[in-house]
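This report goes through one protein chain, part by part. Please look at the sequence and the structure below before reading on.

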Amino acid sequence: MTSIPSWGPPGPTLPGTTLERHVLDRQRAMPGATGDFTGLFQQISLAAKIIGSKVHKAGLTRFLGLTGEVNVQGEQVQKLDIFANNTIVSCVEAGGHVCVMGSEEVDEPIPVRDPFPPGKYVLQFDPLDGSGNIDVNASIGTIFSIHRRKTPSGPGSLEDCLQPGRDIVAAGYVIYGSSNMFVYAAAGGVHGFTFDPAVGEFFLSHENIRIPKRGRIYSINEGNYNLWEPGMRRWVDWIKRPDAEHGRPYSHRYIGAMVADFHRTLLKGGIFAYPPDTKHEHGKLRLLYEASPLSFVCEMAGGAASDGSGRVLDIEPTALHQRTPLYIGSADDVADAVRVMNEAE
Ligand code: P6P
C-alpha cells in the first residue's frame, strides 16, 4: 500500500510548488475568498505561458518585426505586442473574474463583452514591455495589476480603471529571458516562480523576495543626460563621483526593458529611474500598467517608488495612459535620489 502525502507543501511526489497551488493556498487563508482570485491568476498564468512560447520561437516564425502600425503611445507596434495583448484578453475575459481591462495597446478600456459574465476585479497590463528588445533577443516582459471594481455591476468602465496603486489587490510581472519567471506581490509578500518547459508550469523558486535596503547599481538611460532637468543631472553626477566610504561610484546597467531592469534591481538592489526630459514632460513610463504595478511589488518587497515628489502608489490617476516620472528600487537609494535631485541649486 503506498502512503498518500498529507495536505501541505508538496512532498517528494511533486517537483515543487506551482504558481496555482501557491495562490490557492493563500486564497484559502483570505477571509471571504471566493476563488475568483485563484481563477484570475490561472488565466494570467496561461497567457504568460502562451506568450512565452511565442516569444521564444519569434526568431523562427513570422512574428519578428513590425506590423507597420503605431499604438496609442505613438510607438511602432511589434507583431508580438498585438499577439500578447490579444492572448491576455482572450484568456481572461471568458473567466468571469474581471469586469474591465486596460491595456497599453488599446486606446480605451476593454469592458467584458456578452456573453461573458463581468466579474469583481479590474486587470490592467502592459502585454509586452520592452518590445524594442524583441528583434535583438534581449529580455522583455508582461506587467499586470489587479484592483477590485468600483462600479456596482455590469461591464466595467474607465472609472474602474482609474484607481491609485495603493488600492492594488495584487500585481506582478512575467520576464521572458534566459528563463521565464512569474513574480507576483499580494498581501502575503512577493514570490517568484520559474517556468519549467518540460512540465509546462511555473514552480516556486524565489519565496518571500526582499529587496536589499541599498544596492550598488543605478539604471537609467544616460543618453538623455543633456535632456534632463539640472536636479537629475546633479544626482547622476553624484552617484558616479568616487566616494569609497559610501560605496560610490555605483555601476551602471541598462537593458532598455523596464521589467528586466526592475527584476535585477529587485533581486540585487539599487535604483532604476526614468525621469522627465525635454522629450517626455511627465516621463515616458505609464502609471497604471507599468509604474504602479512595479511600485506595488517593490514596496511589498521592502523597497520604495517615487515620482520625485511623493509615492507613486498615492498618485490619483486621471487618464488611462497617463505617464509619470519613476524612481524605484532600494529604499535608501530612492531616498538619496529624491534628496539630491531636489537640493536647492
Ligand atoms: P528608452 C520600453 O519601451 C519602455 O517602455 C520601458 O520598458 C523601458 O524602461 C523604457 O521604455 C526604455 O526607454 O527611452 O531608454 O529607450
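How many salt bridges does the rule find across the interface of domain 1 and domain 2? There are three, where a salt bridge is a side-chain nitrogen of Lys or Arg within 4 Å of a carboxyl oxygen of Asp or Glu.

## Basis of the report

The model is predicted, so local features need pLDDT of at least 70 and side-chain atom pairs count only at pLDDT 80 or more, while totals for chains, interfaces and linings use all residues. Residues are numbered from 1 along each chain as its sequence is written, and side-chain values use heavy atoms, with hydrogens and water left out.

## Two domains

The chain is divided into domain 1 (19-206) and domain 2 (217-341), with bounds that come from an automatic or database domain assignment. Their C-alpha centres lie 23 Å apart.

## The interface

In domain 1, 46 residues are in contact with 32 residues of domain 2; contact means heavy atoms within 4.5 Å. The two domains bury about 2800 Å² between them, 66% of it on carbon and sulfur atoms. Buried area is the accessible area (1.4 Å probe) that two parts lose on being put together, summed over both. On the side of domain 1, Leu162, Arg166 and Tyr173 lose the most area to domain 2, together 21% of what that side buries.

The rule also finds eleven residue pairs in polar contact across this interface, both residues at pLDDT 80 or more. A polar contact is a pair of N or O atoms within 3.5 Å; within protein, one must be able to donate a hydrogen and the other to accept it, and residues adjacent in sequence count only if both atoms are side-chain atoms.

## The ligand

There are 13 residues around the ligand, and Asp129, Asn221, Tyr254, Met258 and Tyr274 come nearest; a residue counts as near if one of its heavy atoms lies within 4 Å.

## Backbone exceptions

Most residues other than glycine have a negative phi, and most peptide bonds are trans. The bond joining Asp114 and Pro115 is cis, with omega about 5 degrees. From Arg248 to Pro249 the peptide bond is also cis, with omega near 10 degrees. Asn137 has a positive phi, near 60 degrees.
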